[in-house]
Amino acid sequence: MQLPVRHLVALVLSAGLMPAWAQAPAPSNAAPAAPDAKLIRLGLILPLTGGSSDMGNSARVGAQVAVDEINAVGGYLGRKLELVIRDDQANPDTGLKHAEELVLKEKVAATVGFCNSGVAMKALDVFQGNQHLLIVPCATGTAITAKYPAAESYIFRTSARDQLQSQFLVADIVKRNYKKVALLVDSTGYGDGGLKDLEAALQAVGLKPQIVVRFKVGVKTLADEMKQLKDSGADVLIGWTVGPEQGVISASRAAAGWSVPQYGPWGLSHASAFEASKGAVEGTYVVQTVLPNTFMERNSTFLRGYAKLSKERPIGSMMSAAQTYDSVHLLLRAMFLTKGNISGKGLKIALENLQQPYRGVVTTYDKPFSNTDHDAISANMLWLGTWQGGERTYVYKDDAARASVIRRKE
């Protein structure tokens, strides 16, 4: 039986199993030095208000669970971690402002952040130009980790990029023998990137969209768009947008009496999608990196830690919470490899060369990054999820049965 992470970390520290440099003994001919009480401050930029707040607040709680665990066993070499939190409101200009503030003024050691691809893309130059490490735990736009060559990049990610998600959805559609795929895509930068990835995934299997319809975020109904889609003769629908609008898609599809299967990227699993649809998302198909599973020790331990800080049910975004939690723990492991040099360059090299697997909530991270690849999630780590009884679960019983089998990066 494996112990919860807080017990494992405490055991490692108390047993002196950290490398000699990490134990930082006092000089033998001097009085023991007082531990350095200076905090290590980590930036956290997330949408805490507005339409994307469900994933932002879930990510915030996930980060705090990790920090609390780490601080409970002494932090990093006796220095506790502190989150410096900013609300980007899912607004690119606000996200850019906060990135500049945290990197240039607050001078945080590293930053974890961004749930919206458009917000992340606008801020990336701040991190790259200042050699400041950024781990993106939620935003999935394929371009985020492709903007700079990995060998030079300070941008890392623990979410599944849209290219993988679109290929995963299309593969299941082909498996079920659907041929006429309707695409309903929002008009944001996230939608632009998603449409490009979807069309490429369809082309790779010899398909073209039956119809493509775009819409603006913030809509309360998609009745007219749904009529267009239904009249096209499509036999399956992929909606590509964020949580609230995923709910609008489901509600509008139900109102139109259009019973084709609905697929979507991870935003379809957000609690805001369930709420906006008044439950009409039940039975839809959604890409997941992790699902609530009380039979898995790491999963259930994390959920208990989360419940101490937040009573929301269901969790706004399980993926956001778990991926952000894992990001903080991966960052800690990189810190221990830097031999005290927690500069952006030191952390970059350490993340690219993590020595030991980390058993996280999402997966076991075994060499998740390299100097040629800054995406921690590979295609074999994805699950097909669905809403059932107001909670997210596995579509396929075989997946539920195999959930405890470690899926390492390929």
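Visitor: What covers the buried residues of helix 6?

Guide: The cover includes strand 6 (181-186), helix 7 (189-204), strand 8 (236-240), strand 9 (262-264), strand 10 (285-288) and strand 13. Buried means under 20% relative accessible area, exposed over 50%, partly exposed in between (1.4 Å probe, protein chains only). Helices (H or I, at least four residues) and strands (E, at least two) are DSSP runs, numbered from the N terminus. This is a predicted model: local features need pLDDT of at least 70, side-chain atom pairs count only at pLDDT 80 or more, and totals for chains, interfaces and linings use all residues. Residues are numbered from 1 along each chain as its sequence is written, and side-chain values use heavy atoms, leaving out hydrogens and water.

Visitor: Which residues of helix 6 are buried?

Guide: An α-helix has 3.6 residues a turn, so residues three or four places apart point the same way. In helix 6 the buried residues are Asp 162, Leu 164, Gln 165, Ser 166, Leu 169, Val 170, Asp 172 and Ile 173.

Visitor: What span should the 14 residues of helix 6 have?

Guide: The expected span is 1.5 Å times one less than the number of residues. For helix 6 (residues 162-175) that gives 20 Å, and its end C-alpha atoms are 20 Å apart, which agrees. Just after the helix, Asn 177 takes a positive phi of about 70°.

Visitor: How many bridges join strand 6 to strand 8?

Guide: There are 5, and the two strands run parallel. Val 185 stands opposite Trp 240 in strand 8. Contact means heavy atoms within 4.5 Å.

Visitor: Which residues touch the most other members of the largest nonpolar core?

Guide: In soluble globular proteins, nonpolar side chains tend to be buried together. A nonpolar core is a set of buried Ala, Val, Leu, Ile, Met, Phe, Trp, Tyr and Cys residues joined through side-chain atoms within 4.5 Å. The largest has 77 residues, and Ile 238 and Phe 302 touch the most other members. Helix 12 gives the most to this core, with 12 residues. Beyond its neighbours within four places in sequence, Ile 238 contacts residues including Leu 169, Ile 173 and Tyr 263. A second, separate core of 19 residues includes Ile 45, Phe 114, Val 126 and Leu 134.

Visitor: Is Phe 114 buried or exposed?

Guide: Phe 114 counts as buried, because its relative accessibility is 0%. Most residues other than glycine have a negative phi, and most peptide bonds are trans. Phe 114 has a positive phi of about 90°. Lys 367 also has a positive phi, about 55°, but counts as exposed at 54% relative accessibility.

Visitor: Where is the cis peptide bond?

Guide: The cis bond joins Arg 313 and Pro 314, with omega about -10°. Pro 314 lies in the loop between helix 11 (297-309) and helix 12 (318-337).

How values were computed: Two strands pair if DSSP finds at least two bridges between them.
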